[in-house]
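Q: Please look at the model below, and then let us go through the terms used for its sheet.

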Amino acid sequence: MSIEDDVALLERVPTLRLLGGTALRMLAIGSEERNFARGDVLFNAGDDADAGFIVQRGTFRLEDGGGAEIIAGPGALIGELALIVAMQRPSTATALENSSVIRVARSLFQRVLESDPAAARRLRDEFATRTSQVASDILMAGAKLST
């Protein structure tokens, strides 16, 4: 894929779209494409997480230890939090078919944010909104359970 194709794919990801065209181009130039055959593991639960992955083609199953699973297809961002903070993977991601991803290293993502403070503020505001919504959802669920 070309840089323009990669930028177009990154623009499909709501979190990344907030960064703007210049930042997305920097991410596309600095990221790498990885290909996986059916059954290949992208990462395992417990692995150190140092990157996020945007699915270019194909699908991946993400499974946590408790049996919950999510299917991620083209345009999905896998490991979003790993772009911001060092952590361990909470799940295992396995290719369900021949698939490819764009790997965005946390170090690259942080350099892009440092070079574009406005993009960093937009991302911070988005995370704050999400956190507030999750807190509200938890309070609502707690209220329903106690009645």
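A: Two strands pair if DSSP finds at least two bridges between them, and strands themselves are DSSP runs of E with at least two residues, numbered from the N terminus. This is a predicted model, in which local features need pLDDT of at least 70, side-chain atom pairs count only at pLDDT 80 or more, and totals for chains, interfaces and linings use all residues. Residues are numbered from 1 along each chain as its sequence is written, and side-chain values use heavy atoms, with hydrogens and water left out.

Q: How do you know that strand 2 and strand 9 pair?
A: They are joined by 2 bridges and run antiparallel; because the criterion is at least two bridges, they count as paired. Here V41 stands opposite T94 in strand 9.

Q: What makes strand 5 and strand 9 a pair?
A: Strand 5 (residues 60-63) and strand 9 (residues 92-95) are linked antiparallel by 4 bridges, and L62 faces A93 in strand 9 as its opposite residue.

Q: Why are strand 2 and strand 6 called edge strands?
A: The open sheet has 4 strands in the order 2-9-5-6, with antiparallel pairing, and strand 2 (41-43) and strand 6 (69-72) each pair on one side only.
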